[in-house]
Amino acid sequence: MVVLLLYLAYALVLSVALARAGHRSRPAAAIGGSRQEPSRVLIIGATGGTGRQLVTQALARGYAVTALVRDPSRLQLDHPKLAVVQGNVLDAGSVDEAVRGQDAVLCALGHKRFFLPTRILSEGTRNILGAMETHGVRRLVCETSLGIEDSAGRMGLYYTFFVIPLILPFYFWDKTRQERLIAGSAAEWVIVRPGVLTNRDGRGRYRHGRRVGSLLWTVRISRADVAAFMLDELVSGADLRSATGVCW
Ligand SMILES: NC(=O)c1ccc[n+]([C@@H]2O[C@H](COP(=O)([O-])OP(=O)(O)OC[C@H]3O[C@@H](n4cnc5c(N)ncnc54)[C@H](OP(=O)(O)O)[C@@H]3O)[C@@H](O)[C@H]2O)c1
């Protein structure tokens, strides 16, 4: 009983810490942005679930796409408007090469190193933001997760009291660092915080905003719909410099 109470206290404290450690979004309308339609986009995490969707959907929308990948053989996509740069987000040189000449960056970076302290997301994002500043690339749309800042608890009870505290505390802590870096940058950014991801076909619709998600139930969305939302955000400029949740 004592152990259970201690565990619940830990889960609650972590949730509050994730809520407080995130950046503070400002109202988007007050900021505005260039709203120029980009034509060349860099996709980070292109071999992953969301990233692959981003590549195929961006190509279908007519963008010239560059994919930064660690292993090009894993991409298995061929298209006249697709360029591949081999590199690693933790290597500033390869990130710089990939960012040069782009109009915008879409980031769906993730990894599975859950049980150890990690800075892969934040250090990788620091390199991306640095290269964007160097090359005057302004627009960034980055996928993080529900569960941070004012979305803390909104992945539902199972994630708030089991998955995040037991499996993902280090990972989520790094996500808060990643979000703070983005929020403190000069970029025109949109942070996209999805619910639990599925590989189902896209529905072509989603709910989004600062208050989506559920305190009780696990909320989900397909990677296809997250990618569609990220690409929509790339041009709409509606939610510039704000973090927005997205789920079905
Ligand atoms: N799973 C969920 O339910 C869920 C829910 C909410 C949010 N999210 C978040 O959404 C994001 C995308 O998730 P996902 O499952 O679609 O992605 P994923 O399949 O885990 O793919 C992650 C991508 O990041 C790349 N990557 C990892 N380390 C890299 C490095 N050092 N340099 C360059 N690329 C690197 C991977 O490349 P390799 O192919 O080389 O490994 C892969 O392409 C993640 O941040 C995840 O935490 C996930």
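**Cysteines and surface patches in a predicted model**

A search of the whole structure turns up zero disulfides. This is a predicted model: local features need pLDDT of at least 70, side-chain atom pairs count only at pLDDT 80 or more, and totals for chains, interfaces and linings use all residues. Residues are numbered from 1 along each chain as its sequence is written, and side-chain values use heavy atoms, with hydrogens and water left out.

Student: Why is C107 said to be in no disulfide?

Tutor: A disulfide is a pair of cysteine sulfur atoms within 2.5 Å. For C107 the nearest cysteine sulfur, that of C142, is 3.9 Å away. C142 is in no disulfide either, its nearest cysteine sulfur being that of C107, at 3.9 Å.

Student: Is C107 buried or exposed?

Tutor: Buried means under 20% relative accessible area, exposed over 50%, partly exposed in between (1.4 Å probe, protein chains only). C107 has a relative accessible area of 1%, so C107 is buried. C142 is at 1% relative accessibility, so C142 counts as buried.

Student: What makes L5 count as exposed?

Tutor: Its relative accessibility is 51%, so L5 counts as exposed. L5 is placed in helix α1 (residues 2-21). Helices are DSSP runs (H or I, at least four residues); strands are too (E, at least two).

Student: Which residues make the nonpolar surface patch of about 430 Å²?

Tutor: M1, L4, L5 and L8 make the nonpolar surface patch. Patch residues have over 30% relative accessible area and no salt bridge; like charges are joined within 9 Å, nonpolar side chains (Val, Leu, Ile, Met, Phe, Trp, Tyr) within 5 Å. A salt bridge is a side-chain nitrogen of Lys or Arg within 4 Å of a carboxyl oxygen of Asp or Glu.

Student: Why is R205 called exposed?

Tutor: R205 has 54% relative accessibility, so R205 counts as exposed.

Terms used. Areas by Shrake-Rupley, 256 points an atom, 1.4 Å probe, with all protein chains shown as cover.
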